[in-house]
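Reader: I have a chain on screen and a few questions about it. Can we go through them one by one?

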Amino acid sequence: MPPGGAHLWEMFWELEETRQAGWGPLPITYREIEAYGRLMGGLPLPWEVRVLLAMDRARRKALTPPEEDEDAPKITRRVSMSDYDAIDRMLGTFAEVVDVEPG
């Protein structure tokens, strides 16, 4: 943070302490920033609000786990290697299963 922005860093972390949460961290709102400014003795300037909102977006992105790839295979159950029928069904989804005689 540049030296002239140190006050925004402090302001952001004070707002962060009051962050609401639902399924995840909710955004800091204009209303919360305005209330903070009134309570602390001075409203932030428009550019400061934009910086605070950018900091908030970055923070929420860091706090939110990445979305799962919908196309990625999902584990639905674990199968023991000794469960021949389950292995046979699993491999059969790729190609026909052929028994091979030891040679």
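Predicted model: local features only at pLDDT ≥ 70, side-chain atom pairs only at ≥ 80, totals over all residues.

Reader: Start with the fold. How many helices and strands are there in the protein chain?

Author: The protein chain has four helices and zero strands. Along the sequence the pattern reads α-α-α-α.

Reader: And what share of the residues counts as buried?

Author: Of the 103 residues, 19% count as buried.

Reader: Salt bridges next. What is the count?

Author: Four salt bridges. One of them joins E16 and R19, with the closest N and O atoms 2.6 Å apart.

Reader: Are E16 and R19 buried or exposed?

Author: Both are buried. For E16 the relative accessible area is 14%, and the cut-off for buried is under 20%, so E16 falls on the buried side.

Reader: Which other residue does E16 form a salt bridge with?

Author: R59, where the closest N and O atoms are 3.3 Å apart. That pair links distant parts of the chain, as E16 is in helix 1 and R59 is in helix 3, 43 residues apart. R59 is partly exposed, at 27% relative accessibility.

Reader: What does D56 pair with?

Author: D56 forms a salt bridge with R60, and their closest N and O atoms are 3.1 Å apart. Both residues lie in helix 3, four residues apart, which is about one turn of the helix. D56 is buried, with a relative accessible area of 1%. Through shared partners, salt bridges join E16, R19, D56, R59 and R60 into one network.

Reader: Change of topic. How many aromatic pairs does the structure hold?

Author: Two. In one, the ring centres of W9 and W13 are 5.6 Å apart and the planes are at 80°, so the pair is edge-to-face. W9 and W13 both lie in helix 1, residues 6-16, four residues apart.

Reader: How exposed is W9, and how exposed is W13?

Author: W9 is partly exposed at 45% relative accessible area, and W13 is partly exposed at 31%. The other pair is F12 with W13, with centres 5.2 Å apart and planes at 75°, so it is edge-to-face. F12 is buried, at 2% relative accessibility. Ring pairs link W9, F12 and W13 into a cluster.

Reader: Last one. Which residues gather in the patch of negative charge?

Author: E67, E68, D69, E70 and D71, on the surface. D71 is in the loop between helix 3 (46-63) and helix 4 (84-92).

Reader: Why does D71 count as exposed?

Author: Because its relative accessibility is 72%, and exposed means over 50%.

Key
Residues numbered from 1 in each chain as written. Heavy atoms only, no water. Patch = residues over 30% accessible without salt bridge, like charges linked within 9 Å, V, L, I, M, F, W, Y side chains within 5 Å. Areas by Shrake-Rupley, 256 points an atom, 1.4 Å probe, with all protein chains shown as cover. Salt bridge = Lys/Arg side-chain N within 4 Å of Asp/Glu carboxyl O. Lys, Arg positive; Asp, Glu negative; His and termini not counted. Charge placed at Lys NZ, Arg CZ, Asp CG, Glu CD. Helix = DSSP H or I, 4+ residues; strand = E, 2+ residues; numbered from the N terminus. Buried < 20%, exposed > 50% of the residue type's maximum accessible area, 1.4 Å probe, protein only. Phe/Tyr/Trp six-rings, centres within 6.5 Å; stacked < 30°, edge-to-face > 60°.
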